[in-house]
Structure formats: structure tokens, C-alpha cells
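Subject: Structure for you to look at

Hello,

Here is the structure I said I would pass on. Please open it first and then read the notes below it.

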Amino acid sequence: MRAGNDAAGGATTRGDPALVKALARAFRWRQMLEEGRYASIRELARAEGVNRTYIGRLLNLTLLAPDLVEAILDGRQTGAANITRRSAPIPDAWPEQRLASG
């Protein structure tokens with residue numbers, strides 16, 4: 001996934017580059033954990049050189065409803081971005097996420 005005309009990569013997106021990057025990292029990290037490359041968030045954080053709290057926050061993005069992820073990638077993230085930037089946890093249920101995103 002790449003934002004705009006960045007370096008070579010997958011599909012182009014019109015989404016906010018910082019938010020798209022956060023989503024990409026989150027899904028990549030989730031995959032690494034699911035595949036067993038790292039046994040814990042702490043181990044992954046050490047390997048990636050970032051704070052484990054940051055990884056935990058970003059991993060929450062992988063729980064977003066698919067249509068909210070798509071809105072972020074398509075640049076229609078107005079409401080979807082709101083749910084990712086608030087201090088409250090992302091609701092578990094997708095209908096609640098949609099309501100929280102405005």
C-alpha cells in the first residue's frame with residue numbers, strides 16, 4: 001500500500017499518509033504475531049525499536065470495521081479518522097464503531 005505517488009509498493013491510496021502507514025504497520029504487526037515470528041508484543045516492540053504501548057494502540061486499528069478501513073484508504077476518512085484519534089478505546093462491535101466515527 002502506498003499513499004499518493006510514494007515509492008514503489010502495492011496499490012495507490014488517496015488516504016491520509018500517516019493514517020495509511022499506521023494501518024499498514026498494524027496489519028503487518030498482527031500478521032507477524034499470528035504467524036509466531038514474535039511471541040509477544042514486548043518482543044515485537046524490541047525488534048521494531050518502538051514502544052510496546054504504541055504497538056498495542058496500533059494493533060487496535062486491525063479491529064476496525066472493514067468499511068471504515070476502506071474509507072481511510074480511499075481518503076474518505078473524516079469520520080473513520082475520528083475514531084482512531086480519540087483517547088477512548090475503539091468499540092468492539094462494528095455498528096458501535098460506525099456510530100463513534102460520526
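The side chains of Arg-30 and Glu-34 form a salt bridge, with N and O 3.4 Å apart. A salt bridge here is a side-chain nitrogen of Lys or Arg within 4 Å of a carboxyl oxygen of Asp or Glu. Side chains of opposite charge can pair when their charged atoms come close.

Before going on, note that this is a predicted model: local features need pLDDT of at least 70, side-chain atom pairs count only at pLDDT 80 or more, and totals for chains, interfaces and linings use all residues. Residues are numbered from 1 along each chain as its sequence is written, and side-chain values use heavy atoms, leaving out hydrogens and water.

Arg-30 and Glu-34 both sit in helix H1, 4 residues apart, or about one turn of the helix. Helices (H or I, at least four residues) and strands (E, at least two) are DSSP runs, numbered from the N terminus. Glu-34 is exposed at 59% relative accessibility, while Arg-30 is partly exposed at 30%. The cut-offs are under 20% relative accessible area for buried, over 50% for exposed, and partly exposed in between (1.4 Å probe, protein chains only).

The structure has 6 salt bridges. Another one pairs Arg-98 with Asp-67, their closest N and O atoms being 2.8 Å apart. This pair links distant parts of the chain, since Arg-98 is in helix H6 (residues 94-100) and Asp-67 is in helix H4, 31 residues apart. Glu-70 also forms a salt bridge, with Arg-76, at 3.9 Å between the closest N and O atoms. Salt bridges with shared partners join Glu-70, Arg-76 and Asp-74 into one network.

Next, the core. The largest nonpolar core has 18 residues, and those with the most contacts inside it are Trp-29, Ile-55, Leu-58, Leu-61 and Leu-64. Helices H1 (17-34), H2 (41-48), H3 (52-59) and H4 (66-74) each give two or more residues to this core, and H1 gives the most, with 6. Such a core is a set of buried Ala, Val, Leu, Ile, Met, Phe, Trp, Tyr and Cys residues joined through side-chain atoms within 4.5 Å.

Last, Thr-62 lies in the loop between H3 and H4. Thr-62 is buried, at 10% relative accessible area. The side chain of Thr-62 reaches the backbone oxygen of Leu-59 at 2.6 Å.

Regards

Technical notes:
Polar contact = N/O pair within 3.5 Å; in protein donor to acceptor, adjacent residues only side chain to side chain.
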